[in-house]
Structure formats: structure tokens, C-alpha cells
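Hi,

Here is the model I said I would pass on.

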Amino acid sequence: SKDEGGGKHYTFEPSLHASAEERRQLEFALRSALEREELVLNFQPVVDAQRECVVSFEALVRWNSPEHGFVSPGKFIPLAEDTRLIVPIGEWVLQEACRQAMKWPDDIRVAVNVSGEQLLDPNFSASVVNALSASGLPPHRLEIEVTESIFVRDDSTARSTLEQIMALGCGVALDDFGTGYSSLGYLRKMRFSTIKVDRSFVQGAAVNNPESLAIIRAVVAMADSLEMSTTAEGVETEDELQMVRELGCKKIQGFYYSRPMPAKDAEELFAGRPLD
Ligand code: C2E
Ligand code: CA
Ligand code: CA
Ligand code: CA
């Protein structure tokens, strides 16, 4: 901005203005994305570290907007959270993920990301029940993924909602572990099915960063003794795979095995395999 000289100047920032305007337009488009059927789910395989077979898929939402093109979830999910559009979008994600999972063999689970905004919505557990009953998916085949941040805002509501979900028989995974506020207190209070080790540690470990190695080793040891599973996220290379297997991670997810894929491709992985 020019004119820096003295006094109070509220300078006009063209770039800031552009991003606020862009955001307003994105929000406008996102409001109708659901009814215009612009959202789709992709599915990324999660592989058992020992047996090297697919054990689940993580559902990842994609938005192809006619006006804005492909918008990454890193951009529109925060916007959906700010505007609470994440509640109806998240409901659709749950329904669709359960519906797709019914097309896979019955030992394959589906993981669904859930934001704090959704979890604090009083209708959240009802929407899980609805998604399960509408699709016929057994509860143990659904795993909800949450991040540590949900325990910071409203710990007791988040916990009691997750306990209701667990009581249904669903799993709850702790996502991006190690990047958030990392109070270990909630590990004592909540029986997570899986701890997902954030990819920043995985990628550090492969280049022999001693802190990353120590952290993964400690997380795996802790998860093992708490009888929680571990998933290494963001495994891209053979070296990274080798490392996280040696460190004892139970499940592997990342581009090394597969990028997120369309529902049809996930289904075709099991072509020829009986559904039960
Ligand atoms: P996340 O839950 O941590 O999901 C994993 C992200 O890492 C995905 O990005 C995935 O494509 C990416 N990824 C997987 N393997 C690798 C790898 O080997 N290397 C690298 N560099 N990246 C890898 P994506 O699909 O762009 O999603 C970003 C975030 O958006 C997700 O992070 C999640 O927080 C959020 N998100 C996506 N779908 C949903 C949804 O349906 N609901 C909610 N609430 N959030 C979602
Ligand atoms: Ca996730
Ligand atoms: Ca993650
Ligand atoms: Ca993440």
C-alpha cells in the first residue's frame, strides 16, 4: 500500500479485497453445491501394514464447481465450517459414504471426517443413526475421524456425542495426531479405535529426523498399550513405508499405495471377490 506518511491511514488493499470477494462468491456457490449435486466423494485405501491388504477407505469430499472449477477441501471445508454449511454437507458425506461402503466386501470399513461444528450439532448422532439405517451398513464398519481441536472448544459435549457414537458400535479415530493441542488427558477418557499419525512425522521419520522417529515410536507404544490401532498417514515412498512398518504402525495410508479414487474404482478393486 502506498502513502505510508503519518497519521491514521486505512489503506485499501486490492489483494485483500479480492480474496474477501472471492470468499463471498465461493460461499454463494457452496450454498447450492449440494442441491446441484456438485459434491462427490473419493475414497483412499488404508492398508494393513503386515498383510498388505486394504482394510478400509477414507472418504474425502470433492467439489467441482461450474463457476470456480475444482476447489480443494483445504479451501472449502474451512468456509463450510465458518458458515455452518458443513452440517448439511457432512450429513450428505455420511449418507453417501455408508451407501458406497455397502458395495464393498463386509470386512472393509469406511472412515468419515467430522468437523467440530458437526459434532457440536445436537442432531449429529441422529444423523449417524440415519446414515446407518438408510444404507443398512453395520455400525462397526463406520469409523468417524475427529481431530484434537474438538476437545478444546467444548470438551464435554464432544465427548458425550462421541460416546453415543461408540455405543452404537462405530469406531472413532483421532486424526492428525501430534499436530494439535496434544493434551494426553482425553486419551485416558476416550477409547479411540485408531490414532492417525500425522504425515509431518511420517515424512520426517523417513529422512531420519530423530525427533520424528522418537515421536512415532512413542505414539505406537502408547496406542499399543491402550489397545488402539495406529495409521501412518501420508506414506509416499518405499523408504517411508519401510520406516513406519519398522516403527510398528498397524495401518498405512498414502500415495505410495494409492491416491484417493472415485467410488467406481474403489468398487472395482473387489471385482470378482464375493461380497460376503
Ligand atoms: P485429512 O483428513 O487429514 O485427509 C488426508 C488428506 O491427505 C487428504 O487431502 C488426502 O488426499 C491427503 N493425502 C493422503 N495421502 C497423502 C500422501 O501420501 N501425501 C500427501 N501429500 N497427501 C496425502 P484432501 O482430500 O485434500 O483433504 C484435506 C482435508 O480436508 C482432510 O484432511 C480433512 O481435514 C478435510 N476433509 C476432506 N473431506 C472431508 C469431509 O468429508 N468432511 C470434513 N469435515 N472434512 C473433510
Ligand atoms: Ca482424516
Ligand atoms: Ca489426517
Ligand atoms: Ca488434516
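Is Phe 57 buried or exposed? Phe 57 is buried, at a relative accessible area of 0% (buried is under 20%, exposed over 50% and partly exposed in between, with a 1.4 Å probe and protein chains only).

Before the rest, some housekeeping. This is a predicted model, where local features need pLDDT of at least 70 and side-chain atom pairs count only at pLDDT 80 or more, while totals for chains, interfaces and linings use all residues. Residues are numbered from 1 along each chain as its sequence is written, chains are lettered from A and ligands numbered from 1 in the order in which they are written, and side-chain values use heavy atoms, with hydrogens and water left out.

**Aromatic rings**

The count of aromatic pairs comes to 8 (rings of Phe, Tyr and Trp, the last by its six-membered ring, with centres within 6.5 Å; planes under 30 degrees apart are stacked, over 60 edge-to-face, the rest tilted). Phe 57 and Trp 104 make a tilted pair, because their planes stand at 45°, with the ring centres 4.6 Å apart. Phe 57 is in strand β2 and Trp 104 in the loop between α3 (86-101) and β4 (109-113), so this pair ties together parts 47 residues apart in sequence. (Helices are DSSP runs of H or I with at least four residues, strands are E runs of at least two, and both are numbered from the N terminus.) Trp 104 is buried too, at 2% relative accessibility.

Phe 57 has another partner in Phe 270: that pair is edge-to-face, 6.0 Å centre to centre with 85° between the planes. Phe 270 sits in the segment after α12 (263-268), so here the parts tied together are 213 residues apart in sequence. Phe 270 counts as buried at 7%. Phe 43, Phe 57, Trp 104 and Phe 270 form one aromatic cluster.

**The calcium ions**

Calcium ion (ligand 2) has Glu 58 (OE), Asn 113 (OD1), Glu 145 (OE) and Asp 175 (OD) as protein donors, at 2.2 to 2.3 Å. (Donors are N, O and S atoms within 2.8 Å of the metal, or 3.2 Å for Na, K and Ca; water is not among the atoms, so sites may look incomplete.) Glu 58 lies in strand β2 (residues 54-65) and Glu 145 in strand β5 (residues 142-147), so the pair ties together parts 87 residues apart in sequence. Both are buried: Glu 58 has a relative accessible area of 5% and Glu 145 one of 3%.

Asp 175 bridges this ion and the calcium ion (ligand 3), and the two ions lie 3.9 Å apart. Asp 175 counts as buried at 6% relative accessibility, and Glu 233 at 10%.

**Ligand 1**

Asp 176 turns up here as well, with a polar side-chain atom 3.2 Å from an oxygen atom of ligand 1. The side chain of Arg 62 has an N or O atom 2.8 Å from an oxygen atom of ligand 1, and for Gln 44 the distance to a ligand nitrogen atom is 3.0 Å. Taken alone, ligand 1 exposes 800 Å², and the protein buries 80% of that (Shrake-Rupley areas with a 1.4 Å probe; for residues, only the protein chains shown count as cover).

Cheers

Note on methods
Polar contact = N/O pair within 3.5 Å; in protein donor to acceptor, adjacent residues only side chain to side chain.
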